[in-house]
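Here is a short report on a protein and its ligand. Look at the model first, then read on.

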Amino acid sequence: MKYYITTPIYYPNSSPHIGTAYTTIAADAMARLRRMKGDDVYFLTGTDENAQKIVRTAENAGVDPHTYVDGIVKRFRELWELLQISNDDFIRTTEDRHAKVVQYIFNRLYEQGDIYKSEYEGWYCTPCETFWTENKLVDGKCPNPDCGREVELLKEESYFFKMSKYQDRLLKHIHENPDFIQPLSRRNEMIKFIEGGLEDLCVSRTTFNWGIKVPFDPKHVVYVWLDALINYISALGYPDGENYQKYWPAEVHLMGKDIVRFHSIIWPITLMALDVPLPEKVFGHGWFLNREGGKISKSRGNVQDSFELIRRYGPDPIRYFLLREMQFGMDGTYSEDDLVERLNSDLANDLGNFVSRTLAMIVKYNQGKVPVPGTDTILEKELKELSLLVKNGTEAKMLDCDPAGALEFVWQYVSRCNKYVDETAPWTLAKDPANKERLDTVLYTFVEAIRILGILCAPFMPGVPEKLKPLLGTEGLFNDWEQAARWNIIQPGTVIQKGDPIFPRIDISVYTGEESKESAGQEKQKTESKEGKQIMQEGAKDISKEMVPLKEEITIDEFGKMDLRVVKVLRAEKVEKADKLLRLEVEMGNEIRTIVSGIAQHYAPDDLVGKKVILVANLKPAKLRGIESQGMILAASHNGELEVLSVSKDIPTGAQVK
Ligand code: MSP
């Protein structure tokens, strides 16, 4: 099967950062997995260089735009190389191969009457490179909630693209293809936006001359978004290139939620006008925010040097952290502390330790040679069955553009493997020669589990197989995805190496001079749990009758699976014929969710409106009285009293509760 995946082409107005890296790493992981499955993959990324903001930035830097973008594009290429991005092509919109196609398309649309000349009078936001009509502005500024910056008044002769002509066809396509725009929240936003009516789009500028010239009227340059979107086919050699025939339409255009609108309106309409099939999926993931809830972005100046981060931690931990932190359909939070915590717990402790301790046991108990396994017990059978489940689950999540969900599957396997070590206790088996066959089976299973983990990690952290190869002493073990569910691959007798830890623990204080949050956290946890137990025991005396028995102990990682968010209640109403239920509409960042909550006997709907409450945001949606509840709000209850947990400080909606 062929698989064509793209990232947005990035503006080279400043060096790439963690946010831009996320989309590219996620696309890379998807591309790698498909290659491992034997698919014919084409993975495209590149740079969007004909923007007005590039001219401005270059002017400010006192260099000509060409020299400026050449310098930044070099940084993009370097970063992608360091992060082991496996793109098949890198397109720059200043290349001739691209300009030719843009001009061909502009000409064609003009000749068939879809582009016409008129005059544009309205507003333009240069940071967003977007035209706005007066009535859309908010307080006279850019209405994009992430922008809000000054707009400029334009009055110039322009060419217009008849978007309105294609509105109904586009809506029909979206309705008939439920997977076309994802996730669902983005799809709903887009449908609403299109239903609001599409205006013809201004597609040329005359007030500067940086860009691709309109072929038949060279005082105009093509509007940067029309120019940029065309990269997805110009890179393939549209209209008659071999790659175009082979790979178009794209299976996935991956991007941040900020630019889904351009990809689900301007792009499909352009393709419709050209009679070209539409891409299968436009997927908009969330943003990386900093701990204060602000978007990580170059224009906000809150980005950390990605090159320095890679130097400190290596590419795999950065890839892992970013992929793991962006929960499906939500924003993710980025901080270096959290990165180090993940590195130490998931990579050094869980994965790294499993590899080190099991290989050390093979060295110790079998002179470093892979033994011949004996008969499987239920424990080995379970591990084998789980590998199939995890392989399929990981694959399915990646098909849904959900790398975090996929990694959860993989880490389920890592945990199970660690548990297997404790359950089988080879150190005890080794004490009695009568257990030799059992010990050999266990040691053999270890090596196979390491091999499987190497395969499962490969799309996300391509460095893991590289690190494992010398340890397992066999080449070519990690390239085939299907082998993650097959067993007895490694030959008994193979000599293994103990090697160095594949992910050494990191002490962040080396970089920040501050006490490591993790070690401080561990200390605190110890004392807290002692004190906590005491408090529980004392408290239990008072409320013993009402007290629900304490649940089984969980680890901090298990708790971390819960995604708790601050949300604001926008609307609340009773659910018909259900005297306990309220239907709430809550705002979580840019998203609106519907929640059905069993609190109607404790709150009148109006009492809740405007309240900021806590939502379990990653709870599987469930239908209650025919209404899909997309999460659950938290409340404390005791002796028939109930109070919804709320925050009183000015914390923005969407902020995480940890
Ligand atoms: N040039 C346009 C895209 C044209 S595509 C035909 C553009 N470029 S951009 O440099 O601003 O990059 C936007 C993309 O970078 C986002 O859609 C997203 O993929 C990624 N991100 C930038 N900042 C981000 C975060 N803070 N978090 C996650 N992704 C972010 O728009």
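## The shell around the ligand

Five elements each supply at least two residues of the shell around the ligand: strand 1 (2-10), helix 1 (18-36), helix 7 (224-229), helix 8 (231-234) and strand 11 (252-256). Helices (H or I, at least four residues) and strands (E, at least two) are DSSP runs, numbered from the N terminus.

The model is predicted: local features need pLDDT of at least 70, side-chain atom pairs count only at pLDDT 80 or more, and totals for chains, interfaces and linings use all residues. Residues are numbered from 1 along each chain as its sequence is written, and side-chain values use heavy atoms, with hydrogens and water left out.

## Who comes nearest

Which residues come nearest to the ligand? Of the 26 around it, they are Ile9, Thr23, Asp48, Phe288 and Ile296. A residue counts as near if one of its heavy atoms lies within 4 Å. By class, the shell has 13 nonpolar, nine polar and four charged residues.

Asp48 has a side-chain N or O atom 2.6 Å from a nitrogen atom of the ligand. Ile296 uses a backbone N or O atom, 2.8 Å from a ligand nitrogen. For Gly19, a backbone N or O atom lies 3.2 Å from a ligand nitrogen.

Taken alone, the ligand exposes 670 Å². The protein buries 96% of that (Shrake-Rupley method, 1.4 Å probe).

## A residue in a loop

Now to Ile554. Ile554 sits in the loop between helix 20 (517-543) and helix 21 (556-560). Why does Ile554 count as exposed? Because its relative accessibility is 52%, and exposed means over 50% (buried is under 20%, partly exposed in between; 1.4 Å probe, protein chains only).

Terms used:
Polar contact = N/O pair within 3.5 Å; in protein donor to acceptor, adjacent residues only side chain to side chain. Nonpolar A, V, L, I, M, F, W, Y, C, P; charged D, E, K, R; others polar.
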